[in-house]
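Okay, everyone, thanks for coming. Today I'd like to talk about charged side chains, so let's get the picture up.

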Amino acid sequence: LEPLLRLAAETLRTPAFPAAEFDKLVREQIGALEEARLDPEALAERAAERNASAYPRGDIRHVGSFDDDLAELRGARLDGVRAFHAKFYGAQHAELAVVGDFDPDAVIGLATELFGDWRSRAPYARVPYPYQATVPGGDVIATPEKANASLVGNLALPVKDSSPDYPALAVIDKLLGGGPESRLADRIRERGGLSYTVGTSLSPGSLDDNARWTVYATFAPENREKVRAALAEELARAVKDGFTAVEVETAKRALLELRRNARAQDGALARGLVSQAYLDRSWTFAADLDRALEALTADQVNAVLRRHLKPDGFWTAEAGDFAKAGK
C-alpha cells in the first residue's frame with residue numbers, strides 16, 4: 001500500500017506530461033469521437049444528454065455536440081494542460097478511502113505526509129445541477145446505411161436519493177426496465193422480438209433535487225413504429241393498472257440483494273466511503289434506505305408511480321436509417 005500511495009502522489013503532484021503521450025491520447029480520442037458521431041446509439045445518447053443539460057457554451061455544464069468536442073480536441077495544447085493542472089489540482093478538498101488489511105494510523109500519517117500540503121491555487125466551488133423540467137418533444141437523427149437504430153428518452157424528476165419517493169422510484173425502475181425480467185424487456189425483446197436491448201435507468205442526484213429517468217432501446221430501423229408503440233403502451237399500462245404485490249416484492253428482494261452484494265466488495269466499499277465523506281453521510285444512510293425498501297407496499301409504489309411517471313412527458317432522440325426503412 002505504501003509504495004502504491006507514494007507512486008500515486010508522485011504521478012498526481014509532479015506529472016511528466018510527455019508530449020508524445022499527449023499527442024497519442026488526443027489522436028485516440030479524436031478517433032473515438034469520429035466513430036461515435038456516426039453511431040446511432042452514441043448520437044441518440046448525446047442528443048438526449050444535450051437536451052437534458054440545457055446550458056450555454058462556456059458554462060461547465062454545457063454538453064456540446066461531437067463536432068464541438070472534435071474542434072476543442074484539435075485545439076488542445078500541452079501547455080494548456082500543464083496550466084490547468086497547476087491551477088486546479090490539489091488535495092485540500094479530496095477524499096481518500098482505503099479498504100483492506102492495514103494499520104489505519106499509519107495510512108493516515110502517510111496520506112498526510114504525501115498530500116497534506118498540496119493545495120490548488122483555485123478555490124473550490126460546487127457546481128449545482130438544479131432540476132429543469134423536461135419539455136416533451138424529440139429529435140430524429142439520420143444515420144444512412146446503418147443497420148441498427150437507437151432511441152433514448154429522458155424525463156427529469158424533482159427528487160434526489162434522500163427524497164421520500166426515491167425508494168419506490170428505484171423499485172419502479174427495476175420493474176419497468178431495470179433487468180431482463182422487466183416489463184419492457186419481456187414485451188419488446190423477449191416476446192416481441194423487436195429490439196436488441198431495451199430498458200430504463202434512474203439516475204438520482206444526491207445534493208440537488210434533480211433525477212433523470214431514461215428509457216432506451218436499440219432495434220432494426222424497420223421496427224421503429226412497433227418499438228415506439230410498445231414503449232408507449234407499456235408505460236401507459238403501468239400508470240393505469242399499477243404493479244401487483246408479487247411484482248413489488250420480487251423487485252424489492254432483487255434490489256436489496258444487489259445492494260448487499262455490492263457492500264461485500266472492497267471496491268464498492270471504498271467508493272461508498274469516499275461518497276459518504278463528500279456528502280457527510282455514514283452507512284446509516286444506506287441502512288435507512290434498505291429499511292425503506294423493505295417496508296414498501298404495492299399501494300405506496302403505485303402512488304409514487306402515478307405521481308412521477310408521465311408517459312407522454314419524455315424528450316426522445318431517435319437515430320437510424322429510417323428513410324431506407326420506409327419509416
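I'll go through the salt bridges and then a surface patch.

First, the housekeeping: this is a predicted model, where local features need pLDDT of at least 70, side-chain atom pairs count only at pLDDT 80 or more, and totals for chains, interfaces and linings use all residues. Residues are numbered from 1 along each chain as its sequence is written, and side-chain values use heavy atoms, leaving out hydrogens and water.

So, how many salt bridges do we get? The count is 30, taking a side-chain nitrogen of Lys or Arg within 4 Å of a carboxyl oxygen of Asp or Glu.

Take Arg187 and Glu233, with their closest N and O atoms 2.5 Å apart. Arg187 sits in helix α8 (residues 183-191) and Glu233 in helix α9 (residues 224-241), so this bridge ties together parts 46 residues apart in sequence. Helices here are DSSP runs of H or I, at least four residues, numbered from the N terminus. Arg187 is partly exposed at 23% relative accessibility, and Glu233 is too, at 42%. For the terms: buried is under 20% relative accessible area, exposed over 50%, partly exposed in between, with a 1.4 Å probe and protein chains only.

Next, Asp290 bridges to Arg259, again at 2.5 Å between the closest N and O atoms. That links helix α12 (residues 283-295) with helix α10 (residues 245-263), 31 residues apart. Asp290 is buried, at 12%, while Arg259 is partly exposed at 22%.

There's also a network: Glu34, Arg37, Asp67 and Arg74 are joined by salt bridges that share partners.

Methods:
Helices (H or I, at least four residues) and strands (E, at least two) are DSSP runs, numbered from the N terminus.
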